[in-house]
Amino acid sequence: MWDTLTALAAHPWAYPAFSVVHLIGLGALLCGLLVFELRTLGARRELDPGALARLAIPTALAGFALCAVSGAAMFATQPQELWVNPALRVKLALIAVAGLNAAWFHWRGGVRAQDRLGRWQCLLSLGIWVAVIICGRWIAFV
C-alpha cells in the first residue's frame, strides 16, 4: 500500500490534490461534530438529537475517512521528514485521544448521554479537534 501511495504522491499534482481532499474531509468532520456537539451542549433544543446524530455522525465519519486516506497519502510523500516533526506526532496523539473520547461518549449512551459529563466530553472533543487543526497547520512550520 505504501509503495502505491509513494508512487502516486510523486506526481506533481498529487500533493495539492491530497491537500484539497484533506481540507474537504476536515470540513465534513468538523461540521458534523460541531452540529451534533452544539445540540448536546444545549443549542437548538427543538431538534431531535437522534435524528441530528443520524445526519451529523455519518458526515463526520466520512470526513474522517477522507482525512485518514489523504493524510496517509501526504505522509507517504516524505515519511522520514514528517515522522520526526513534533507537530505531526502531537496531531496523531490528539486524534487518538479524540477517538477514545468519542468511543467513551458512545459507550456511555451516545445520543442518550445528554448529561453534564456528555456536555464536557463534547467540549473536550471540540477543543481536541481545534488543537488537531492547529497542529496540522504547524507541520509546515516546525
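The model is predicted, so local features need pLDDT of at least 70 and side-chain atom pairs count only at pLDDT 80 or more, while totals for chains, interfaces and linings use all residues. Residues are numbered from 1 along each chain as its sequence is written, and side-chain values use heavy atoms, with hydrogens and water left out.

Start with the charges. Side chains of opposite charge can pair when their charged atoms come close. A salt bridge is counted here when a side-chain nitrogen of Lys or Arg lies within 4 Å of a carboxyl oxygen of Asp or Glu. By this rule there are two salt bridges. One joins the side chains of Arg44 and Glu46, at 2.6 Å from N to O, and both of these residues are exposed. The side chains of Asp115 and Arg108 also form a salt bridge, at 2.4 Å from N to O. Asp115 is partly exposed, because its relative accessible area is 31%. Arg108 is partly exposed as well, with a value of 23%.

Now the cysteines. A disulfide is a covalent bond between the sulfur atoms of two cysteines. The cut-off is a pair of cysteine sulfur atoms within 2.5 Å. How many disulfides does the structure hold? It holds zero. For Cys31, the closest cysteine sulfur is that of Cys67, and at 11 Å it is too far for a bond. The sulfur of Cys122 has its closest cysteine sulfur in Cys31, 16 Å away, which is also too far for a bond. Cys122 is buried, because its relative accessible area is 2%.

Key
Buried < 20%, exposed > 50% of the residue type's maximum accessible area, 1.4 Å probe, protein only.
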